[in-house]
Amino acid sequence: MTNDHNKPNAQAEADITGEASASNPTAERYVDELFPVDEQWAYVRKRLAAHEMPDISVEPGYGRLLTLLVHASGVQDALEIGALGGYSGICLARGLKPGGKLVSLELKQEFADVARRNMEAAGYGETVDYRIGDAKQSLAQLAEEGRKFDFFFIDADKGGYPEYLEWAIKLARPGAVIAADNTLLRGKTIDSTRNGPSVLAIRAFNERIANDERLIGAMLPAYDGLALAVVK
């Protein structure tokens, strides 16, 4: 008979709480309710609905974290891959140093147009430079221009995450922070029966965050998962 006291602490704790590394909606709701509703988040959601765009912006809890990390890191130049309606861009811009700039890569012109208007409504229209088209081509162009960045936020097509990570490392200044949303894919990442291309790509990405010697990595399991790394 196995004694629970002989189990690894993490496993014993999981047995007690009934939880492992899965998201906890009750805890997330509690934390969200501690903070005032982000008016820009609510505004962006309305604009997404008005333009029949997917309501898949980064959660406000992670939006606050992005602002905190950008501010704490003294970021001058940030790059986001995937603009959607502009909420993540707003969160990044909030934390930038005075005069700081955000480059935002977006596949669709119509999405970038909505994002730009939302950024302008939030007071950050002069902060952002949109690059439209395939993100990999835009990243290659940024490399040709000799651009370097202090912070990266990845929230685009999931199949591209491993390649986006490589580009981020290439374009990073030493000590740059990389953040990436949706690393749990609503549970698909940890479901061994799900093995589609996007799931496999995210698993490969997560493994690199955890094991790449060029990075100091971490993974947050709340909401839909957020990967964090510092480029050495």
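1. In this predicted model, Asp150 belongs to strand β4, which covers residues 149-154. Because the cut-off for a buried residue is under 20% relative accessible area, Asp150, with a relative accessibility of 15%, counts as buried. If neighbours within four places in sequence are set aside, the residues in contact with Asp150 are Val75, Gln76, Asp77, Arg173, Ala176 and Val177.

2. Helix α6 is made up of 13 residues, 109-121, and spans 18 Å between its first and last C-alpha, which is close to the 18 Å expected at 1.5 Å a residue. After α6 comes Gly123, which has a positive phi, near 95°.

3. Which residues of α6 are buried? They are Phe111, Ala112, Val114, Ala115, Asn118 and Met119; viewed down the axis of α6, the buried residues fall within an arc of 160°, so they line one face of the helix. These buried residues pack against α3 (39-50) and α5 (87-95), as well as against strands β2 (101-106) and β3 (128-132).

4. The largest pocket holds about 930 Å³ of space. Its lining comprises 38 residues, of which Ile56, Asp155, Ala156, Lys158 and Asn182 are the closest to the centre, while the elements that contribute two or more residues to this lining are α3, α5, β2, α7 (135-144) and α9 (197-211).

Note on methods:
Residues are numbered from 1 along each chain as its sequence is written. This is a predicted model: local features need pLDDT of at least 70, side-chain atom pairs count only at pLDDT 80 or more; totals for chains, interfaces and linings use all residues. Side-chain values use heavy atoms; hydrogens and water are left out. Helices (H or I, at least four residues) and strands (E, at least two) are DSSP runs, numbered from the N terminus. The expected span of a helix is 1.5 Å times one less than its number of residues. Buried means under 20% relative accessible area, exposed over 50%, partly exposed in between (1.4 Å probe, protein chains only). The arc is that of the directions from the helix axis to the C-beta atoms. Contact means heavy atoms within 4.5 Å. On a 1 Å grid over the protein atoms alone, a cavity is a set of points where a 1.4 Å probe fits but cannot get out, and a pocket is an open set with protein on both sides within 12 Å along at least five of seven lines; lining residues have an atom within 4 Å of a point. Grid points are joined across faces, edges and corners, and a volume is the space filled by probe spheres set on the points.
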